[in-house]
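Morning, everyone. One protein chain today, and I'll keep it short. Please look at the screen.

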Amino acid sequence: MKLGEIWSYFRHRKGLLLLILGISATVGALGCKILSSPKAVQTATMQAVEAPANTYDNSLSLKIFGESNETALQLTFSDAFKKATLTMTDAALPTDSYVRVFDQFGNLLAGEYTEINDIGDAESQPVYHFRDAPKAYTLFLAPGAKIEVHAQKARFYSNLTKNEAGYFAPTLEIERYVVMENGLRKESWSEETGEATMYAMLRVYLVDQIEQYKAQVAPEVLENKGLDMTNKARILVAYYALSPEDQAIYREFMDLVENGKQPEEPIPDEPSEDEPTEEDPGGQFVPTPIEPVEKPELTPEASITDQVATSEVATNVVVASLGAGANREEELVVTDTDGSETEDEAKNPAEEQLETDGETDENAKHDSGAATVHSDKRSADRTSTNTAETKPGFLKVVIWVVLGVLVVIVFGKFILDHYVR
């Protein structure tokens, strides 16, 4: 198949050709935008930092302990409090105990009660065990479901931190708890109190994660956004799960975690005292008065070359001697071939000659030449930097354009092979 046949086919179907070209251009533009983005890799790793409520297993476990601090019953919430798993053992309890679970309509879903298994003699205390223990099963719950607890020693623990959640400890002989959306509260609490208590339990874990990373991360890793991205993504998720008030104290640190250390902008050079103009209080630039000079003498044409050579040497010397004032940062260092002398230790003989000359117009020429050299150098640096930054983007554009052309050719060949007779 020849390219002429492809062109002939598309020439009579301009709509199809425009559609293909439009799709190719769109794909190419999107590809260039993605590849040219400086945060493409970082975004892929640190995506979804807006943590939803169920990112962390901020759930609870209820444990009822027996005489020897053995767990006689454990009720563990999971799946954002949509499930409750009950596990009973044959551990002995000193008193009668039970746990009952009701659905959101008040219907009894399950009840686990103790019974006296060993009475002993009349003077000994009765021993209680949960019926039919050991056993385990799982219940499915909805917001509004209730758990009723009656036990001498019942404790709640965070499944996230593994620490005791003292907020939920029973304070009544029969304590009732209500299942919320992603949480649990005592029946005597309001919804707001329950949500605040659940967040307080989560906050302990989140702050601990951030503080640990803050204490362990090396400064060079923290300031480079391309290093340790997995742990940084984890810490960012923890940070965005905090409330705005709790985020405030970590905002500066998390900005370093997410963006790294940003390069400081260079401080602009202060104007030199030898500037030919100055600014008046009104903001208008007033030319500096020009002192009268003697009538210049005409230089014979034969000596112009010598004058230019002398001017170049003088200009280089002035550039090397800059830096006594505000332009110190742009100072050029002059060293000999052995590297044993610096600009402060050795002077160019031509510079010494200039210092003894004392002519005002010559010094002005040299200062102007030095400023021009510095300006050209900064322009060259900016040009090379811009070129270095532009080349990768231009290369990506070329790659995507070539891919778009290949897509058009392959698609055209497919059409001709299958539909053109």
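First, the ground rules. This is a predicted model: local features need pLDDT of at least 70, side-chain atom pairs count only at pLDDT 80 or more, and totals for chains, interfaces and linings use all residues. Residues are numbered from 1 along each chain as its sequence is written, and side-chain values use heavy atoms, with hydrogens and water left out.

The whole chain. It has 11 helices and 13 strands. Those are DSSP runs, numbered from the N terminus: helices are H or I with at least four residues, strands are E with at least two. Of 421 residues, 29% count as buried. Buried means under 20% relative accessible area, exposed over 50%, partly exposed in between, with a 1.4 Å probe and protein chains only.

Now Arg-185. It sits in strand E11, residues 183-186. Is Arg-185 buried or exposed? Buried, because its relative accessibility is 13%. Its side chain reaches the backbone oxygen of Trp-189 at 2.6 Å. Leaving out residues up to four places away in sequence, Arg-185 touches Phe-168, Tyr-177, Val-178, Met-180, Ser-190, Glu-191 and Gly-194. A contact here is heavy atoms within 4.5 Å.

Last, the other end of the story. Val-397 lies in helix H11, residues 360-419. Val-397 is partly exposed, because its relative accessible area is 39%. It belongs to a nonpolar surface patch, whose members include Leu-395, Ile-399 and Leu-406. Together the patch residues have about 810 Å² of accessible area, by the Shrake-Rupley method with a 1.4 Å probe, counting only the protein chains shown as cover. Like charges are joined within 9 Å, nonpolar side chains (Val, Leu, Ile, Met, Phe, Trp, Tyr) within 5 Å.

How values were computed
Patch = residues over 30% accessible without salt bridge, like charges linked within 9 Å, V, L, I, M, F, W, Y side chains within 5 Å. Salt bridge = Lys/Arg side-chain N within 4 Å of Asp/Glu carboxyl O. Polar contact = N/O pair within 3.5 Å; in protein donor to acceptor, adjacent residues only side chain to side chain.
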